[in-house]
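Please read this briefing alongside the sequence and the model.

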Amino acid sequence: MKCGENENEVDKSTDPNLLHLPVTDGSLELFRHFAKQINLEDIDREAELIHWSHEHPLILFDVQKDDDINDEIMLCDGCVQPISFPFYFCAQCNYFLHFSCVNLPVELQHPIHHEHLMELRRGIKFYTLFRCAACFIHQNGFFYGCEKCEFFLDVKCALLPSSIAHQAHKHPLVQMKGSKDLCSGSGFNFSTSGFKCDECKFKISHSSAQLPPTIKHGWDKHLLTLSYPPFSDHPDEFHCEMCEDEINPHRWIYHCRDCDQSFHTKCIKDYYSYVKYGGKLEVNCHPHPLTFVRMVRKRTSYYSCGHASDIYRPIFECGECNYTLCLKCITLSILT
Ligand SMILES: [Zn+2]
Ligand SMILES: [Zn+2]
Ligand SMILES: [Zn+2]
Ligand SMILES: [Zn+2]
Ligand SMILES: [Zn+2]
Ligand SMILES: [Zn+2]
Ligand SMILES: [Zn+2]
Ligand SMILES: [Zn+2]
């Protein structure tokens, strides 16, 4: 099967400020846009500061020194993306924040929730997850929230500019509120928000707009590429390798050319891709501290608490004893 070559892309030279999606490193690209808007360059880089999100002072790391090079990928506790210079750091807690995340506006009047101001917050505990109303990903970084409506947006989705370009469409797209229309990418209707082309019937949900251009997944040894119709030479009926249901040839897919395998975007999308793991916790029901980890088992399995889970969920684990607790039980065992 051949995938479209996307000759319909918006010309990148027309407007140099237009954000072109998809991007591999979503938050960095977005922050570049954000930095232009609020002139991050003009903000003083204090060597040490107290930030609302953390109980200890944070220290600035401004430029990379050779001996600082560390292969380990460290994640920002604000946007849960790999850290990059300049950033602030608390060594005691392994707490990182991009300079741009330190300087995020604490309040936002957002076009997709304009009835109330949204406040920049983070979960009460490091393992408190929220689900972004726009991209549906569960996360433990910063969010813009309206408590009254229980409406939460992650930083990335909240900062998406009002117009973007997407590789799948030849015209720029503008932000819109949710509607009953179907997303041209996934085929689902989008309740919260998305982007539309004023000239055509093309509309995509926030969730589709932010799908990464490639995904690595256990089901295929190669990188899977986000691919858009029209697809040529595809069989009359083609199926998602994962759920085995049919794929609508007019929707976006993830595809591997080498293996000729295709997947629904919803099946391959990682709904826990912005979770920072590694935090430790003492609990009443186990003698050792438990670590916040991601469960990576192929099938449904049972935790020590008796609850079952599907794959790839965040859990707490004592590696030594092979003892595991689900997030719900953690919340209860701390309270008792
Ligand atoms: Zn960040
Ligand atoms: Zn700290
Ligand atoms: Zn989001
Ligand atoms: Zn509200
Ligand atoms: Zn159009
Ligand atoms: Zn599927
Ligand atoms: Zn492959
Ligand atoms: Zn143990």
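Helices (H or I, at least four residues) and strands (E, at least two) are taken here as DSSP runs, numbered from the N terminus. This is a predicted model, in which local features need pLDDT of at least 70 and side-chain atom pairs count only at pLDDT 80 or more, while totals for chains, interfaces and linings use all residues. Residues are numbered from 1 along each chain as its sequence is written, and chains are lettered from A and ligands numbered from 1 in the order in which they are written.

**Overall content**

- The chain has six helices and 27 strands.
- Of its 336 residues, 30% count as buried, where a residue is buried if 20 or more other C-beta atoms lie within 10 Å of its own, exposed if 12 or fewer, and partly exposed in between, with C-beta atoms placed from the backbone.
- Among contacts between residues at least 6 apart in sequence, 49% join residues at least 24 apart; two residues are in contact if their C-beta atoms, placed from the backbone, lie within 7 Å.

**The open sheet E6-E7-E10-E11**

- Four strands form an open sheet in the order E6-E7-E10-E11, with antiparallel pairing, and two strands are said to pair if DSSP finds at least two bridges between them.
- The edge strands, each pairing on one side only, are E6 (107-110) and E11 (151-154).
- From one strand to the next the twist averages 30°, based on axes that are lines fitted to C-alpha atoms (for helices over the stretch in contact) and on angles that run from 0 to 180 degrees between N-to-C directions.
- E6 runs antiparallel to E7 (residues 113-122) and is joined to E7 by three bridges, and the hairpin that connects E6 to E7 passes through two residues.
- Within this pairing, Leu108 has Met118 in E7 as its bridge partner, and His110 stands opposite His113 in E7.

**Pairing among E22, E23 and E26**

- Two bridges join E22 to E23 (residues 290-294) in an antiparallel arrangement, with Leu281 opposite Leu290 in E23.
- E23 also pairs with E26 in the antiparallel sense, over four bridges, and there Arg294 stands opposite Pro314 in E26.

**Nonpolar cores**

- A nonpolar core is a set of buried Ala, Val, Leu, Ile, Met, Phe, Trp, Tyr and Cys residues joined through C-beta atoms within 7 Å.
- The largest nonpolar core has 42 residues, of which Cys76, Leu97, Cys101, Cys132, Leu153, Cys157 and Ile164 touch the most other members.
- Apart from that core lies another of eleven residues, including Leu211, Leu224, Ile253 and Ile268.
- Leaving out residues up to four places away in sequence, Leu97 touches His51, Leu58, Cys76, Asp77, Gly78, Phe87, Tyr88 and Val102.

**Val275, a loop position**

- Val275 lies in the loop between helix H5 (265-268) and strand E22 (280-281).
- Val275 counts as buried because 20 other C-beta atoms lie within 10 Å.
- When neighbours within four places in sequence are set aside, Val275 is in contact with Val80, Leu129, His138, Gln139, Asn140 and Pro314.
- Val275 and Tyr127 are 148 residues apart in sequence, yet their C-alpha atoms are 8.5 Å apart in space.

**Backbone details in loops**

- Most residues other than glycine have a negative phi, and most peptide bonds are trans.
- A cis peptide bond, with omega about -10°, joins Phe85 and Pro86, and Pro86 is placed in the loop between strand E3 (58-61) and strand E4 (87-90).
- Another cis peptide bond, with omega about 5°, joins Pro229 and Pro230, and Pro230 is found in the loop between strand E17 (220-227) and strand E18 (238-239).
- Glu150, a residue other than glycine, has a positive phi near 50°; Glu150 is in the loop between strand E10 (142-146) and E11, and Glu150 counts as exposed because it has 9 C-beta neighbours inside 10 Å.
- Asn322, also a residue other than glycine, has a positive phi near 55°; Asn322 is in the loop between strand E26 (314-318) and strand E27 (323-325), and Asn322 counts as exposed because it has 8 C-beta neighbours inside 10 Å.
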